[in-house]
Amino acid sequence: MKIAIIGAGNMGGAIAAGLAKGKLVQSKNILCTARTQTTLDKIKAIDPEITATTDNSLAAKQADIIILAVKPWLMETVIADIREHFSPLNQVFVSVAAGIPLEQLSSWIHPSDPSAVSVFRAIPNTAAAVLASMTFIASANADTNQIKLICDLFDEMGSTMYVDERLIPAGTALASCGIAFAMRYIRAASEAGVEIGFRPEEAIKIVEHTVRGAAELLLTSGNHPEVEIDKVTTAGGITIKGLNEMEHQGFTSAVIKGIKACL
Ligand SMILES: NC(=O)c1ccc[n+]([C@@H]2O[C@H](COP(=O)([O-])OP(=O)(O)OC[C@H]3O[C@@H](n4cnc5c(N)ncnc54)[C@H](OP(=O)(O)O)[C@@H]3O)[C@@H](O)[C@H]2O)c1
């Protein structure tokens with residue numbers, strides 16, 4: 001199975017790195033494209049066996065699965081430029097672009113018969129590179145085997161949720177944008193760490209491990225966050241004082257408003 005990633009920048013490159021670390025696709029069967037040599041060099045640095053080229057057509061005609069990962073506003077032109085090299089009835093197309101509906105993608109890929117082409121939208125986040133992405137997947141005209149294959153591929157890069165397309169924007173806000181929100185918390189907490197006495201590199205490491213520990217605890221136990229919070233908030237203690245002060249400053253409300261603003 002060969003996979004082409006058209007536009008292997010931040011997101012496409014993270015997918016290439018994740019696929020190369022996984023077991024389903026061999027690195028020599030991953031073909032990545034970009035415009036500049038600088039980006040192609042970054043891809044080669046992930047794994048020299050990955051093919052890195054500026055030739056979109058070369059990649060598109062060889063692949064069984066074509067992952068389209070250019071910026072949304074370039075998608076129509078890039079597809080139109082290489083469409084003649086597609087075999088739309090034998091290939092599976094996966095777009096990671098935010099905001100472009102499946103119906104639109106199908107009509108760009110196979111204008112003469114859009115409903116005949118198997119198209120997916122996958123919304124991962126950049127943690128795909130370290131096999132820890134939360135990825136949302138929706139499809140049009142795909143059979144159960146194709147859905148399983150695409151879910152399996154992204155499962156190797158973390159966790160996937162197959163959803164109705166109407167939930168893709170919400171998934172994008174919560175997980176793709178969400179990774180930046182989590183990182184902003186890490187930055188904010190580490191700045192506090194410096195103010196209360198740690199060197200910057202110590203503070204950031206402490207917060208990174210604290211956040212990882214919190215996520216691992218919840219994932220492993222299946223508990224609601226408040227159950228775990230109750231375990232660490234002694235009556236009259238310092239943790240509840242800190243939490244309440246954050247809430248007085250609008251912590252929960254700020255997070256909800258931020259996520260809703262992404263929609
Ligand atoms: N970043 C995220 O967290 C994230 C999450 C979910 C979805 N997405 C989606 O992923 C897509 C890419 O976003 P990104 O953040 O990865 O952007 P990016 O880093 O700019 O990557 C886009 C890549 O496309 C390449 N490119 C531009 N024109 C091309 C062409 N004609 N042929 C082949 N390659 C071309 C660029 O090559 P050069 O580098 O050589 O210029 C660049 O590497 C977007 O549609 C976005 O909605 C991103």
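This is a predicted model: local features need pLDDT of at least 70, side-chain atom pairs count only at pLDDT 80 or more; totals for chains, interfaces and linings use all residues.
**Notebook: loops, sheet and helices**

I looked up Asn141 to begin with: its relative accessibility is 40%, so Asn141 counts as partly exposed. For my own reference, buried is under 20% relative accessible area, exposed is over 50%, and partly exposed is in between, using a 1.4 Å probe and protein chains only.

Residues are numbered from 1 along each chain as its sequence is written, and side-chain values use heavy atoms, with hydrogens and water left out.

**Two loop residues**

Asn141 isn't a glycine, yet I found a positive phi of about 60° there. I placed Asn141 in the loop between strand 7 and helix 6 (144-155). Helices (H or I, at least four residues) and strands (E, at least two) are DSSP runs, numbered from the N terminus.

Then I checked Leu131, not a glycine either, and its phi is positive at about 60°. Leu131 sits in the loop between strand 6 (118-123) and strand 7 (133-140). With 33% relative accessibility, Leu131 counts as partly exposed.

Which way do the residues of strand 2 point? I saw Ile30 and Cys32 pointing one way and Leu31 and Thr33 the other, and all are buried.

Strand 1 (residues 3-6) runs parallel to strand 2, joined by four bridges; two strands pair if DSSP finds at least two bridges between them. I traced Ile6 to its bridge partner in strand 2, Thr33. Strand 3 (residues 51-53) is also parallel to strand 2, with three bridges, and Cys32 stands opposite Ala52 there. Going from strand 2 to strand 3, the chain passes through helix 2 (residues 37-46), and this β-α-β crossover is right-handed. Right-handed means that, with the strands pointing away from the viewer, the path from the first strand over the helix to the second runs clockwise.

I wrote down the strand order of the open sheet: 3-2-1-4-5-6-7-8, eight strands with mixed pairing. Neighbouring strands are turned by 20° against each other on average, direction ignored.

Strand 5 (residues 92-95) pairs with strand 6 in the parallel sense over four bridges, and Val94 stands opposite Phe120. Helix 1 packs on the sheet and touches strand 1, strand 2 and strand 4 (65-68), making about 160° with the direction of strand 1. Axes here are lines fitted to C-alpha atoms, for helices over the stretch in contact, and angles run from 0 to 180 degrees between N-to-C directions.

**Helix 4 on helix 5**

I found helix 4 (residues 75-82) and helix 5 (residues 102-109) packed at about 30°, with axes 9 Å apart. That makes helix 4 roughly parallel to helix 5; the cut-offs are under 35 degrees for roughly parallel, over 145 for roughly antiparallel, 65 to 115 for roughly perpendicular, and oblique for the rest. Met75, Glu76 and Ile79 of helix 4 make the contact with Leu105, Trp108 and Ile109 of helix 5, where contact means heavy atoms within 4.5 Å.
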